[in-house]
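Please keep the sequence and the structure in view while reading.

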Amino acid sequence: MSKTILIRHEKGQREFALMDGKRLLHFGRDEGGSIAAEQIYLGRVDRIVKGMEAAFVRLGGDVIGFLPFSECREKPRSGNKILVQVKKPPVGEKAAYLTEDIALAGRFVLLTPFTRRFAVSKKIEDEETRSRLSDLAARVAPEGMGLVMRTESAEAEEAAIAEDVEALKGSWEEVLRRRAETTEPGLLKGREDALLRLLRDEHGQIETILTDQPEEIPGVSVPVQSCPNPFDLYNVSAKLEKSLNRKVWLDCGGYLIIDPTEAMTVIDVNSGKFTGSKTGTENTFLKLNLEAAKEIARLLRLRNIGGIVIIDFVDMQNEESREAVKNALEEALKDDPVKAVVHGFTSLGLVEMTRKKGQ
């Protein structure tokens, strides 16, 4: 699959979009000072709440994060300064979810400085490849640290993986250096540049990059072309606005209603103007649901929806039809760099799934 990245600079901020043909798959912008997953902080334990088996950690100023005891390396004590990583960013009234089990993400591996463990991505199913990567992880891991081999490592040269490990080791050493020079709670390591993260996630899939400032993208291995208005060329703003509405129309005439709540996101599939064909109601609903499944996968990524997702597809009586829709949703989610798991249909005919909020 060949994709295009569009980049524009608007009012001093860089924005970028990932296109698959005319379909908008991802939109992002430089994150500035916002709290995001993967950031590492020097925190100070503000208070212990034994009833919740958790600590509240001050990350700087008035910003507080939530650290469950299950994410601690040792029992926290009020007033102690600790290194923590943002596992989930704040949502609504919920504070950022923290962990002391720090992991640094590279292109091919995750480096775990505090945990001597070796693992291979579950997406790599070939046993011979898994065994090879597990042995490689044990050889190239820094002393006392662990490695998780990412999906991309399966096709990578050993030298490239070793280089990735060395770069992450250097990043960790920089965190420790800043920690030694810092006395107050604050950010020690920001998240990887959002555009570079997208390029990493889509490695081998990008055909070209269109940008209004090509000189700002050094070191990429795909063609970079200058374009004064790349977003206008693909009508990105209008596509984004339609995709972020509560009601999103499908090409077939049906539509989705997307309702985020504090606990989960609920998506309702409606037939709308879709009348189907003369092949029967079951086939009509199946066709609608198959299109909806593909569009839902796109919107989950584009809107960065995480946590529990409940989908109410148009009701189908045939078990084979339900299985086809479930398979279509799983297949569409394979293009998402963030982990998503479809748990299947419930007794009420609803689809349960989860998606990690990582973008």
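## Glu282

In this predicted model, Glu282 has a relative accessible area of 22%. Glu282 therefore counts as partly exposed, because the buried class ends under 20% and the exposed class begins over 50%.

Glu282 lies in helix 6, which covers residues 281-302. Leaving aside residues up to four places away in sequence, Glu282 touches Met316, Gln317, Asn318 and Ser321. Glu207 is 75 residues from Glu282 along the chain, and 39 Å separates the C-alpha atoms of the two residues.

## Asp336

Is Asp336 buried or exposed? With a relative accessible area of 4%, Asp336 is buried, because the value falls under 20%. Asp336 sits in a loop that links helix 7 (319-333) and strand 20 (340-345).

Lys123, Arg301 and Arg355 touch Asp336, when residues up to four places away in sequence are not counted. With Arg355 there is also a polar contact from side chain to side chain, at 2.7 Å.

## Strand pairing

Strand 19 (residues 307-312) pairs with strand 18 (residues 264-270) in the parallel sense, over 5 bridges. Within this pairing, Ile311 of strand 19 is the residue opposite Ile267.

Strand 19 is also joined to strand 21 (residues 351-355), here in the antiparallel sense and by 5 bridges. Val309 has Met353 of strand 21 as its bridge partner.

Conventions:
Residues numbered from 1 in each chain as written. Predicted model: local features only at pLDDT ≥ 70, side-chain atom pairs only at ≥ 80, totals over all residues. Heavy atoms only, no water. Helix = DSSP H or I, 4+ residues; strand = E, 2+ residues; numbered from the N terminus. Buried < 20%, exposed > 50% of the residue type's maximum accessible area, 1.4 Å probe, protein only. Contact = heavy atoms within 4.5 Å. Polar contact = N/O pair within 3.5 Å; in protein donor to acceptor, adjacent residues only side chain to side chain. Pairing = 2+ DSSP bridges.
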